[in-house]
Amino acid sequence: MTTPQAGIFAVGTRTHHHLEFDVDVSVPLDSIAAAIESIVEIGSSNVVVGFGSDLWGRLSTAKPAGLADFTEVSGLDGHVAPSTQHDLWIWVHGTGVDDVLDVATFCTAALSGFASLAVETRCFVYHDSRDLTGFIDGTENPPPPEATEVACIPAGQVGAGGSHVIAQRWVHDLAAFNELEVADQELVIGRRKLDSVAIPEDVRPADAHISRAELLDDEGNERPIYRRSVPYGDVTERGLYFLGFSAERDRFDGMLAQMFGTSEDGLRDHLIDFSTPTTGSYYFAPSMEDIAAISSGR
Ligand code: HEM
């Protein structure tokens, strides 16, 4: 029996803070393990910890199949999903900006001495879980308990109860998107703006986002992921911190290939004309038992 990190599935929190670090692995691994232990023991906000492939391989023998660094996706028409792989990702989310900031500060201090902050993104839930394009994000997300099955490596496999994670910071070109009529915006996403109802397949463009993001296996079965993306931004730069969890890493690869036009059908996602990823990393968010094992030196 393994226990996923609870914060992955905790909903209803409106303040989110994402931290990505580069870690100096020349320090004793015990110091890193002790810092991680102090971070996962905090109780006041939801804290989720993920490790890059190299760091996790040094800390644990429970390295799941497929765990690897994010590799750049060089897509059609000059669209690129860059790799900016880092070693450690911490996601703090809670109800208030004050608590979340306190916990993010504590985590950063716990890692000082061997980890340098590479990406910091302060995020928020926008109205009724809308992306800053105005569309509801998460409609097709699997509900609990299906979400756990989608997001976590099954029992009996190395890394069971842990999740593969994709983290990407996308920057929106809202000026261009908002120039479109709402009916045309809906064709970009594939859903109606107000109520998120899907546009019927017979009239939905093949390059609509929900068509490109739906990944099927050879038998036509869906290969879903569990998404916890949240907007970030101010009056000058706005976008989405795209965050996905999966039992298998290659579901992310397949979706990105379909979005960027490197899959067999040669189509790409119209959404990438209006938003561009500027960061991209894969992490592993281990089960509580696998995290406890690193701190106890196993
Ligand atoms: C700027 C970046 C993105 C934005 C604004 C965005 C927004 C949305 C919206 C509005 C929906 C429809 C509602 C819903 O079901 O959640 C959606 C669906 C979805 N998105 Fe994205 N998304 C982005 C990037 C991505 C990426 C990078 C992936 C995968 C790697 C992805 C995977 C999905 C999936 C799997 C669905 C559900 C499709 C279905 O209906 O079966 N999205 N997204």
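Which protein residue is the single donor to the iron atom of the ligand? The donor is His209, whose NE2 atom lies 2.1 Å away from the iron. The structure described here is a predicted model. This briefing begins with the iron site and then turns to the nonpolar core, the strands, the aromatic contacts and the salt bridges.

**Iron site**

- His209 belongs to helix α7, which covers residues 209-213.

**Nonpolar core**

- In soluble globular proteins, nonpolar side chains tend to be buried together.
- In this model, the largest nonpolar core comprises 30 residues.
- Within that core, the residues with the most contacts are Ile32, Ile36, Phe51, Leu88, Ile90, Leu111 and Phe114.
- At least two core residues come from each of the following elements: β1 (15-23), α1 (29-40), β2, α2 (53-59), β5, α3 (97-111) and α9 (288-295).
- Helix α3 provides the largest share of the core, with five residues.

**Strands and their pairing**

- Strand β2 spans residues 46-51, and five of its six residues are buried, so the strand is largely enclosed by the rest of the structure.
- Strand β5 (residues 88-94) runs antiparallel to β2, and six bridges join the two strands.
- Within this pairing, Asn46 is placed opposite His93 of β5.
- Strands β9 (residues 230-233) and β10 (residues 238-246) are also antiparallel, and four bridges connect them.
- β9 and β10 make up a hairpin, with four residues between the two strands.
- Tyr232 has Gly239 as its bridge partner in β10.
- Strand β11 contains Pro277, a buried residue with a relative accessible area of 5%.
- Pro277 and Gly162 are 115 residues apart along the chain, and their C-alpha atoms are separated by 25 Å.

**Aromatic contacts**

- The whole structure contains 14 aromatic pairs.
- One of these pairs is formed by Phe177 and Phe274 in an edge-to-face arrangement, with 5.5 Å from centre to centre and 75 degrees between the planes.
- Phe177 is in helix α5 (residues 174-179) and Phe274 is in the loop between α8 (250-260) and β11 (275-277), so the pair ties together parts that are 97 residues apart in sequence.
- Both partners are buried: Phe177 has a relative accessible area of 1%, and Phe274 has one of 11%.
- A single aromatic cluster is formed by Phe9, Trp89, Trp91, Tyr226, Phe245 and Tyr283.
- Tyr232 also takes part in a contact with a charged side chain, as Arg169 lies over the face of its ring at 4.7 Å from the ring centre.

**Salt bridges**

- Side chains of opposite charge can pair when their charged atoms come close.
- A search of the whole structure identifies 13 salt bridges.
- One of them joins Arg130 to Asp128, with the closest N and O atoms 2.6 Å apart.
- In this pair, Arg130 counts as buried because its relative accessibility is 13%, whereas Asp128 is partly exposed, with a relative accessible area of 43%.
- Another salt bridge connects the side chains of Arg227 and Asp137, at 3.1 Å from N to O.
- This second pair links distant parts of the chain, 90 residues apart: Arg227 is in strand β8 (residues 226-227), and Asp137 is in the loop between β6 (115-124) and α4 (146-151).
- Both residues are partly exposed, Arg227 with a relative accessible area of 22% and Asp137 at 26% relative accessibility.
- Glu248 and Arg251 also meet through their side chains in a salt bridge, at 2.9 Å from N to O.
- Here Glu248 is partly exposed at 35% relative accessibility, while Arg251 is buried at 11%.
- Arg223, Glu248, Asp250 and Arg251 form one network, joined by salt bridges that share partners.

Key
Residues numbered from 1 in each chain as written. Predicted model: local features only at pLDDT ≥ 70, side-chain atom pairs only at ≥ 80, totals over all residues. Heavy atoms only, no water. Buried < 20%, exposed > 50% of the residue type's maximum accessible area, 1.4 Å probe, protein only. Pairing = 2+ DSSP bridges. Phe/Tyr/Trp six-rings, centres within 6.5 Å; stacked < 30°, edge-to-face > 60°. Lys NZ or Arg CZ within 6 Å of the ring centre and 35° of its normal. Salt bridge = Lys/Arg side-chain N within 4 Å of Asp/Glu carboxyl O. Donors = N, O, S within 2.8 Å, 3.2 Å for Na, K, Ca; no water. Core = buried A, V, L, I, M, F, W, Y, C linked by side-chain atoms within 4.5 Å.
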